Protein chains: 2
Amino acid sequence: MSDPIPAILKRIDADQPRALDRLMELLRIPSISTDPAHADDCETAADWLVAELTDLGFKASKRATPGHPMVVAHGGEGARHVLFYGHYDVQPVDPLRLWNRDPFDPAVEQTARGPVIRARGASDDKGQLMTFLEACRAWKAETGGLPCRLTILFEGEEESGSPSLVPFLKENADELRAEIALICDTGLFDDRVPAIITTLRGLLGEEVTITGPDRDLHSGMYGGPAMNPIRVLTRILGGLHDDQGRVQVPGFYDGVGEPPSQVKASWNNLGFSTEAFLGEVGLSHAAGEVGRSGLEQIWSRPTAEINGITGGYTGDGFKTVLPSKASAKVSFRLVGGQDPIRLRESFRDWVIAQMPPDCQVTFAEHGAAPASAMETESEVFVAAQSALTEEWGLPAAFIGGGGSIPIAGYFQSVLGMQSMLAGFAKDDDQIHSPNEKYDVESFRKGVRSWARILRKLAD
Amino acid sequence: MSDPIPAILKRIDADQPRALDRLMELLRIPSISTDPAHADDCETAADWLVAELTDLGFKASKRATPGHPMVVAHGGEGARHVLFYGHYDVQPVDPLRLWNRDPFDPAVEQTARGPVIRARGASDDKGQLMTFLEACRAWKAETGGLPCRLTILFEGEEESGSPSLVPFLKENADELRAEIALICDTGLFDDRVPAIITTLRGLLGEEVTITGPDRDLHSGMYGGPAMNPIRVLTRILGGLHDDQGRVQVPGFYDGVGEPPSQVKASWNNLGFSTEAFLGEVGLSHAAGEVGRSGLEQIWSRPTAEINGITGGYTGDGFKTVLPSKASAKVSFRLVGGQDPIRLRESFRDWVIAQMPPDCQVTFAEHGAAPASAMETESEVFVAAQSALTEEWGLPAAFIGGGGSIPIAGYFQSVLGMQSMLAGFAKDDDQIHSPNEKYDVESFRKGVRSWARILRKLAD
């Protein structure tokens, strides 16, 4: 067939106002997966996507899980079969007072850096998944069909540890297995350079609760002899890192390797400035392992972070209480061959070994996903790299990913399927934070990028 | 005059149902001083007390302060002039879910240990201050007047650091100065033995807030190079004590002495069981300084406690956030000659010296009161000791006080006036905790105890 791309790109640009309207509809649905109060909103978001996909000619359905539903759709024909993955759930919005507008009342705002779509989920991941659907819409409108055989999988639990994902993949393996998975949940490099992820850090989430006395006590009456669980918790978590920033859990670095020298060399050619990267958020010093570059600390080194801590009286004023309980949420970013299951045991043993008399500790698990590495020589990677280079006018980079997108690991382990991650988010999108946004330009060029990639996959 | 005590005690017992009704009225007023939302309730409690005192023949008035009002009343005649102090404000009630009833819907509940008055403030301090007013009521009803010249001072900010107290004492020194202050805000020893406090620990309250990045960050994108303020806070607070339970703030033990040997000897004669004391709250080991007895740890040794800590995501589920801020409320119980002002500076310097690059720390102060010691040879102490011994049938003990009742120190420093602290609370009253209670027997014998003490002061 003659190259439909020029007409498709033209149509994408002409149709953009309506594409933005469609994205706004999805953003208005407060599908916070980690908060049980928003379960119905997750259902609503799934229904909305089923209707959208059906309108695009897909055979689409909502699939129940023990948690929030999956959306699965099939469309197009041909020998080549690719799966596209995205997630419709979003992070909580607290602290709400730091938002400049209702997180679920999206709007296009003009900023010094150009127009942005402001809303929770605008970037992570509703805006990104819609880039693919809008690319399909333009293909269909221009050519009457889809460029190849496509399976769509949208998840509603990505922001809460994906508890239902692996069982669902196992139960529907034959239906979902494709040549490769395309995942749009990542960003540009340095806000300019189109990027394809070649490695992803894994994630282990743990919640630790320490109990001392069987009730809250008055520190005047009991202060001294009564053990304070906050004292125990801070003592243990305060020892999570040494002075060199290395994690102290025994065996933590087992399976952590070094990236290939050519990869490290390519990173050095990216001209990444740790100071500029941190400067964006009011910081100046790389606080990770001493002797590691900023990129290494994000892409190839594991971490331990305390994501939340609470205990005792935290309201206005002061209360001289010795609390009964204190708890913390701790997560580990994993690389290489680190085994999340073994590390969970090792972390728990390390905490338990530090319990003083009269203190009990309980743990809750919040996900465990290994790191993953991609086969960058494959046909699809090469095709995507050239398509992105054409759209963005800059050579697309193969980079590491600091975040955890466990789905890539699950596609590999459950379906034996590789993943290619390409996305258009920017470092200042403030995902997981107040005032999340997605650049209108990220959205526009994102749609155009997928159209070009589909063109090459259709060959 | 003939001894009115037998008739007064008879009347106290006969009038008890109405005395309980009056206490219930006061307990229904949610006068939480630390929470600005309850400012009006503090006014209401003060008005209620003014009305009660007026009904008892006192010249009573509510006195405005920059914070919650004071209640001052004068009554009776004679050469001997004593001041009675109590506080009408109460602690916050969180966590509310742990209460078995509305904290401000008081009721008498039958328990295995006898009837108790269940409500926030039942023991600390509304029930205790009412023991004195009911003793006055019985005196007046039986003799037509009060046994000596009495000044009453009720405060509404005792649970929130008493910010208005010292200025008020200074401005009204001549009106308030008496031979001695009687303070009813303490407890029985070992739930059985009437006790008079001879030493009180001081209290220093500090709030520490550490700021890292200028917004909450995603730990996937920034985990590693971005400094996490919870990591810094736990590192610092985790080092507050050494392995021997000694506080690590430089100069912390300056001015800390040992009690006189005869005092220590008398403590050993009290038959105090640390195991039994801690067993009441589900603990078994004295967690304070190694080598110090349980009584020393409560009465004669200083402490550092973390009363509250918060940072990052603390809701349901999990959020991989690197928070911008983390904070903690820390308090120190002081003994002997420890200088709270100097210790505040020392604590702040110690924290500031541990700040890594990219972290800022701010402090808020929540009170600073030195420890105090009483002149136990004075006439009033001897009189009270014999009166309490008569009422309770056990020799009244001179004991240390673990709690901080800064008012005693202020009466000394501002008015040059000694204080005598005697109270009827029990260790299991759960003051500052859910399900606070006051034994009906504590209330009954408390009223009778004050009647007997007033009799001896009247001589």
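The model is predicted, so local features need pLDDT of at least 70 and side-chain atom pairs count only at pLDDT 80 or more, while totals for chains, interfaces and linings use all residues. Side-chain values use heavy atoms, without hydrogens and water, and residues are numbered from 1 along each chain as its sequence is written.

Along the principal axes, the C-alpha atoms of chain A fill a box of roughly 85 × 50 × 50 Å. Of its 459 residues, 63% count as buried (under 20% relative accessible area, with exposed over 50% and partly exposed in between; 1.4 Å probe, protein chains only). Among contacts (heavy atoms within 4.5 Å) between residues at least 6 apart in sequence, 79% join residues at least 24 apart.

Turning to the two copies, chain B can be laid on chain A with an RMSD of 0.1 Å by a turn of 180° and a shift of 0.1 Å along the axis, superposed by least squares on the C-alpha atoms of residues with pLDDT of at least 70 in both. That is the relation of a two-fold axis. The copies meet through the same surface, because 99% of the interface residues of chain B are also interface residues in chain A.

Aromatic rings of Phe, Tyr and Trp (its six-membered ring) pair if their centres lie within 6.5 Å; planes under 30 degrees apart count as stacked, over 60 as edge-to-face and the rest as tilted. By this rule there are 36 aromatic pairs over all chains. B:Phe84 and B:Phe154 are edge-to-face, because their ring centres are 6.3 Å apart and their planes stand at 85°. B:Phe84 lies in strand β3 (residues 81-87) and B:Phe154 in strand β6 (residues 149-155) of chain B, so the pair ties together parts 70 residues apart in sequence. Both B:Phe84 and B:Phe154 are buried. In chain A, A:Phe84, A:Phe132, A:Phe154, A:Trp392, A:Phe424 and A:Trp450 form one aromatic cluster.

Key
Chains lettered and ligands numbered in written order. Helix = DSSP H or I, 4+ residues; strand = E, 2+ residues; numbered from the N terminus.
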